[in-house]
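Thanks, everyone. Let me put the sequence and the model on the screen, and then we'll walk through it.

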Amino acid sequence: MNDDTAAPTHAARGRARRLSLAPLAKLPMLPVLVIAFAVLSATIDGFTSAANLANMARLFAPLVIAAIGMTFVFLLGEIDLSVGSVLSLGSVLGAFTMRDTGSVWLGALVVVATGAALGALNGVVIAWFRFSSFVHTLGVLVTARAVAMLITGGHSVGRLPVAALLFGRGSFLGLPNLLWLAIGVYAVAHYVLRHTIVGREFFLVGANRRGAVFAGLAVQRTRFLAFLFCGTLAGLAGACVELRLGSGGPILGDNLLLMAIASVVLGGTSVFGGEGGVFRTATGAFVVVMLDKGLNLLGLEFYDQAIVMGLVIVFGSALGGHLYRRRVGRA
Amino acid sequence: MQKTLATIGLAALLGAAALPGPASAKDLVIGVSFDKIEPFRVAEQKALTDAIAAAHAKQVFANADKDAQRQASQVDTMVSQGVSAIVAIPWDIEAANDLARSTIAAGIPFVSLDQAPSDLKSVTYHVGGDPCADGKVAGEFFVKAAAGKPFKLLELQGGLANDNGIRRSKCMDDAVKAASNITIVAQVPTDWNPQKALAGTEDSLQAHPDLAGIYAPWNDALQGVFAVLKEKNRLVPVGDPKHIVIVSIDGTPLGCKAVKDKLIDLEIATPLPEMARRAVAAAIKASQGGKIDPQAEFLPGIPYGPGDVDQMASKIWGCQG
Amino acid sequence: MTARRRRLSRSAAQVWSLVAVLLLVSIGFSSLTDRFADVDNLRNVLLQAAPTTIGAIGMTFVIAARGIDLSIGSIANLALALAIVAAGTRVEAELATNTVWLVYPVALLAGVLLGALNAVAIVSLRLSALITTLGTLTLYRGLGLHLTSASLIAVRGPVLAFGRTLLFGVGLPVWAALLLAIVGWVVLSQTPAGRQILALGGSPRSAVETGLRTGRLLVLAYAISGLCGAIAGLIMVGRVGMVNPDLGFGMEFTVITAVVLGGTSLFGGRASILGAVLGSLLLATIDNGMTLIGANPYSYDVVRGLILLVAVSADAISAYLRGRRSAVIAELRL
């Protein structure tokens, strides 16, 4: 397997810059995105209308936020299966708070805090107690969702203060509020990953964990942070969904896991770790949303949409992996 | 560098493309938003298609596949495409309130069908079965069937996240509460899943071999129930001493066949064609500025059993064809 | 202690602790309700556990090879959908009696091929098992629903026979599960192919370096998993009497939970068929017991999730105590 994946050297990057295909390897979805967008705009009436774009943006925002969180975990070669359930449980607790205290801010805080708490739990258990990330987060997925079902009796929780919807459905300077939120998260995540030492360590630990340990990096802390970020952002995504819908519920996040993983993988972040980034994830998320909306508008039955999604996930990630290996010179 | 160029390119693409869509035609277009696809929904879809065709209108259809966010997004899309009205089966009854309100605020009437949002006043009009009346009829039937003797009843429950599931269960419970001879041995939530109905029936029959009645508040449950009864040799027609009293709701072809085969004692048929007709009529009337009164209608189901199925067949949609 | 003996004794310890938990749980439920310890009820539990058990046996092979098969539920669905179509029926119709015998071979063959396809994609496209089977989970389910138009198709005749016949008073599916468990154990631990699969899972790099045909081994492991998925699907359809759109939905999580409970390590190289069977039985027992005592149904999943978490911690703690720096040395690459 891939434990001698080195982070690209300066020389290699310089070489890559001269090749015109280089950006493709980092963003395999970019041509797909442009082509798909063009095709859909041409064939679907009103696809590029302001209303539809705003609509897609509101679907895009929670997905990209959660997918950015997932990117941190993927960079380490790990996985967090619990994001959907975290979103659901968070939205339920947040909804109760908003409804009972009348404060949207407090509720949103509760949602994010729930995500942070579960993320921290995951982080501690996986980084320091050496649990397998797959199985542990699977356990959290099942348990958190079940707890959400238990405390709501299966119902969704509504009658939230009007302010919640005003934010969720509102716009600022022409862009939906939720999109601004996503842009903010993206900016922070991008900065952390590319311009801080902590961020750099994500790549190093993911690329070569043994080497990182011997180099004296705080490996456990990095792993803890990855899961903490992932959980927190899943919570934030939950807040977005809740503000958009005006309600929280125990099954709200059921589709998130698949779409978030698809976004990260399609974007080109390697599931083996060490390679990737949030810009890629954003392109991946955009493709996922476009496919979702586009296939829907084209009138495909939901099961035919699933067929397309499945093919896209398999071949999209194959393409990304292939281009990555070509770039790094290991065909 | 490439990344920045890519971002700028994308932004330009989006910016240049954000032109308003073409003006919509003056025909009536009804936006139909379903929460999922399964046999009963397929029947509802057909009923709606017939009603819309009869009203000389067009429709656009979207299936949210059990996702509240997707349904909100699909309805928003239909609104932006310029539909005249929305007829929706809400998946999330809480989110539906706000979805309805924002749709109405955009000037498009929002009619809910089959599943009522938690706040009835949020929609322009609601029409559906009357889960409470149906549950009550079922309960009263069990009371009559028990005839004062001890009677063990298995209550299968539909999805408890929506009104139909909740009230079909609750009102049946209320109707049998007064009869002290009837014991509800188990309440099994199944999320409208026939396999869970099977497991629930199996476990209850195991725990209570003298089970006397089964309440299956939707027809697809019967597949699972019948499978268990067949294994235990209890799938016998009405009148046979081993027969367990079964009451079901929906009125699908499956239910009609079960009645004709005398395997169930009472079927309460949801008046689908009428529901669809009223929903479409209200949607069109509201889109043309008319006021809708009454604002919500709950149509009780039509009860029929093996004794009167032949006379009633013409009124039951599931018994046609 | 040699590594092999250490591995074996850990498996044995896990199995024994599972047996202990199973006994405790059973005793607990028997004391809470007298309907639990009934012979008929126990037969029911075995019957209800059969599909998951069979799925878990197949999944054990895949996890032993350090893979994962998230698509097993969808394979069950698609295999059955293909079988129904091959038998000449479609929506709302009943099976034609002269071609109904096709259902079994088509379903089984489909299961093998769909599973093998997973492995082919993983190997030839150089993808991770997680992503591939996540993709095929969606793809296969979509195809299955496309074939059945997402409707319910009633079945009858020989298809029901498998699900409903009793042999010596116990359902046929239970005998099938028992047979498959024995065959699975033999293949995994006594045949060269099985041992090679374990070797592959234990150290993929070593496997390649020692010349094992890793591609073929993966195909074998995933084909077995697919086959088990199809068999589980046949049982479920046979019992309920219809092919429904939700067939196999969510099955992968229960199956994986059972396998992990049984002590098979996700790091590969250590697997226990017996453990998977016991894990599956434990989950079915808890489900059954909780229904009988009338517990809040929403608490089933809470209990199931907690059990998984406890099982994971037990495994991790025991690994830690034995000084195995699993996080550093064994890299989890799914």
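I'll cover confidence, then a helix pair, then an interface.

Keep in mind that this is a predicted model. Start with chain A. Its mean pLDDT is 86. Of its residues, 91% reach 70 or more. The exception to point out is residues 1–8 of chain A, where the pLDDT is below 50. That stretch has 17 contacts in the model beyond near neighbours in sequence. Where pLDDT is low, though, predicted coordinates should not be read in detail.

Now the helix pair, still in chain A. Look at α9, residues 177–195, and α14, residues 278–297. Their axes are 9 Å apart, and the packing angle is about 145°. Which residues meet? From α9(A) come Tyr186(A), Ala189(A), His190(A) and Leu193(A). From α14(A) come Val278(A), Phe279(A) and Ala282(A). Sort the residues of this contact and you get six nonpolar, one polar and no charged.

On to the interface of chain C and chain A. Here, 49 residues of chain C are in contact with 52 residues of chain A. How much area do the two chains bury between them? About 4,600 Å², with 75% of it on carbon and sulfur atoms. Which helices of chain C take part? Polar contacts: one residue pair, both at pLDDT 80 or more.

Definitions and conventions. Residues numbered from 1 in each chain as written. Chains lettered and ligands numbered in written order. Predicted model: local features only at pLDDT ≥ 70, side-chain atom pairs only at ≥ 80, totals over all residues. Heavy atoms only, no water. Contact = heavy atoms within 4.5 Å. Buried area = accessible area lost by both parts, 1.4 Å probe. Polar contact = N/O pair within 3.5 Å; in protein donor to acceptor, adjacent residues only side chain to side chain. pLDDT = per-residue confidence, 0-100. Axes fitted to C-alpha atoms, helices over the stretch in contact; angles between N-to-C directions. Helix = DSSP H or I, 4+ residues; strand = E, 2+ residues; numbered from the N terminus. Nonpolar A, V, L, I, M, F, W, Y, C, P; charged D, E, K, R; others polar.
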